[in-house]
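Dear colleague,

I am handing over the structure we spoke about, and below it I have set down what was found. Please read the notes with the coordinates open beside them.

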2 protein chains.
Amino acid sequence: MEYSLQTMTPKEIMPGFSGRMVHGQKMSLVFWEVTAGAEVPSHHHEHEQIMHVLEGRFEFTLDGQTGTYGPGDLVLIPSGVPHSGKALTDCRLLDAFAPVREEYR
Amino acid sequence: MEYSLQTMTPKEIMPGFSGRMVHGQKMSLVFWEVTAGAEVPSHHHEHEQIMHVLEGRFEFTLDGQTGTYGPGDLVLIPSGVPHSGKALTDCRLLDAFAPVREEYR
């Protein structure tokens, strides 16, 4: 199965967070475009997540610890650990999830 | 857990394939730098894989079908399906695997 980010249609999952997604059987990749100022409130899920900043500056809080992340940075979010985020600039992010984020399909 | 591609040390897993890796409990991300001409012979594994070209041109064969992929392209490789690849230029690739590629740790 082949995909191209250039031809995929993004879905707006939350205000300011539009994602292009590839869902397999065991994992999902989500390529986000995030508008400066957009926030995702604190939440948690069974899915393990790896967050990767491709462009921009993203403030991210994992289990109460806040950091600011830029291109090349990654954060591993274990299953069940609360996290939240805020785009300090327009951002491009990649999130990997295992298992699949079924509610994003 | 935080990582930065800028400070991670790549591991040469195969000739011409050096990877910076993030391993969780359920998945692995591998950021490859691949030298032009480097090849990975046909192989298969239980891990589901999503291959994403970040830079360069990569020839990839999945279950006997060969294509050429560039920046923004993704290929979903289901569990157990044979695949091989060849770097037509120097490339940067991202592979996501679920479950974890334990042998890459």
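In which strand of chain A is Phe17(A) found? Before the reply, please keep in mind that this is a predicted model. Phe17(A) lies in strand S3 of chain A, which covers residues 17-23. Phe17(A) counts as buried because it has 22 C-beta neighbours inside 10 Å, where 20 or more are needed for that label. Once the neighbours within four places in sequence are left aside, the residues in contact with Phe17(A) are Glu12(A), Trp32(A), Val34(A), Ala38(A) and Val40(A). Phe31(A) stands 14 residues away from Phe17(A) along the chain, and the C-alpha atoms of these two are separated by 9.8 Å.

Turning to how the two chains meet, 23 residues of chain B are in contact with 23 residues of chain A. On the side of chain B that touches chain A, at least two residues each come from strand S1 (2-4), strand S6 (48-55), strand S9 (73-77) and strand S11 (91-98) of chain B, and S9(B) gives the most, with 4 residues. Sorted by class, that side of chain B holds 13 nonpolar, 6 polar and 4 charged residues. There is also strand pairing between the chains, in that strand S1 of chain A (residues 2-4) pairs with S9(B) in the antiparallel sense over 3 bridges, and here Glu2(A) has Val75(B) as its bridge partner in S9(B).

As for the relation between the copies, chain B is superposed on chain A, with an RMSD of 0.0 Å, by a rotation of 180 degrees with 0.0 Å of shift along its axis, which is the relation of a two-fold axis. The C-alpha of chain B nearest the axis belongs to Ala98(B), and it is 3.5 Å from the axis. The same surface serves both copies, since 100% of the contact residues of chain B recur in chain A.

Within chain B, finally, 4 strands form an open sheet with antiparallel pairing, in the order S5-S10-S7-S8. Its edge strands, each pairing on one side only, are strand S5 (39-43) and strand S8 (65-69) of chain B, and neighbouring strands of this sheet are turned against each other by 15 degrees on average, direction ignored. Strand S7 of chain B (residues 58-62) pairs with S8(B) in the antiparallel sense over 5 bridges, and Leu62(B) stands opposite Gln65(B) in S8(B).

With best regards

Conventions: Residues numbered from 1 in each chain as written. Chains lettered and ligands numbered in written order. Predicted model: local features only at pLDDT ≥ 70, side-chain atom pairs only at ≥ 80, totals over all residues. Contact = placed C-beta atoms within 7 Å. Nonpolar A, V, L, I, M, F, W, Y, C, P; charged D, E, K, R; others polar. Pairing = 2+ DSSP bridges. Axes fitted to C-alpha atoms, helices over the stretch in contact; angles between N-to-C directions. Least-squares fit on C-alpha atoms with pLDDT ≥ 70 in both. Buried ≥ 20, exposed ≤ 12 C-beta atoms within 10 Å, placed from the backbone.
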